[in-house]
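Good morning, colleagues. Please look at the model on the screen; I shall speak about helix packing and then about aromatic rings.

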Amino acid sequence: MSGLSILNVDAVRAAPLAQEPYHYILGDGVLRPDAVDALRRDFPNIGKPGYLTVDEVQLKGRFKDLIEELESDEFSAVLSDKFGIDLVSCPRLTTIMKRSQPKYGAIHTDGPSKVMTLLVYMNDAWEAPAGGRLRVLYDGQNFEPYAVEVPPTMGTLFAFLRADNSWHGHRPFEGERRVVQVAWVRDAAELERKKKRNRTAQFLKGIFGR
């Protein structure tokens, strides 16, 4: 029996594993309905734009429980089975975003230090026609055509194995865009380097306002 009370692993297992243009899953209902109200209430009150590491954010209540579940070996084992790769042995870097800026979303693949990236969206609704909707892309230049578009609504999960062609991004959006990101990285030293880089970036944003 699963010890996960917030994450619905059956929804993860049921999500089809796409092979093209790279390996990814897109699922919904990943957050159990009886946990949503508490998660909405306990989502961190973040004033800064961009992603912050869990070390930089005050975690509380059921949202703190969610982070612990996302970082657990049990959940990594579920994803390992899904993707056919060992993720349990990989260190995890979790970051949280509440506010997006127009400059975010540029097309990229993620760096080679990452093994896999997972996003859990936590927005009640999404009215922007295209802005802020992550797309699985075929190259590093064009938002169209795209393989799939990810609705950033409550309980939507998108996860992909990093590859040289794992292109993704979204059109500009400014405003509230709640998302938790977990990255499985290759080693502990890389994890610390990424945490330090993120802290430096947030520090500079505080000084220069960008």
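Helix α2 (residues 33-42) and helix α3 (residues 61-70) pack with their axes 6 Å apart, at an angle of about 105°. Helices here are DSSP runs of H or I with at least four residues, strands are E runs of at least two, and both are numbered from the N terminus. Axes are lines fitted to C-alpha atoms over the stretch in contact, with angles from 0 to 180 degrees between N-to-C directions. The angle therefore makes α2 roughly perpendicular to α3 (65 to 115 degrees).

In contact, meaning heavy atoms within 4.5 Å, Ala35, Ala38, Leu39, Arg41 and Asp42 of α2 meet Gly61, Arg62, Phe63 and Leu66 of α3.

This is a predicted model: local features need pLDDT of at least 70, side-chain atom pairs count only at pLDDT 80 or more, and totals for chains, interfaces and linings use all residues. Residues are numbered from 1 along each chain as its sequence is written, and side-chain values use heavy atoms, leaving out hydrogens and water.

I turn to the rings. The structure holds six aromatic pairs, that is, rings of Phe, Tyr and Trp (its six-membered ring) with centres within 6.5 Å; planes under 30 degrees apart are stacked, over 60 edge-to-face, the rest tilted. Tyrosine 24 and phenylalanine 158 have ring centres 5.7 Å apart and planes at 45°, so the pair is tilted. Because tyrosine 24 lies in strand β2 (residues 24-27) and phenylalanine 158 in strand β8 (residues 157-161), the pair ties together parts 134 residues apart in sequence. Tyr22, Tyr24, Phe158 and Phe160 form one aromatic cluster.

Key: Angles under 35 degrees count as roughly parallel, over 145 as roughly antiparallel, 65 to 115 as roughly perpendicular and the rest as oblique.
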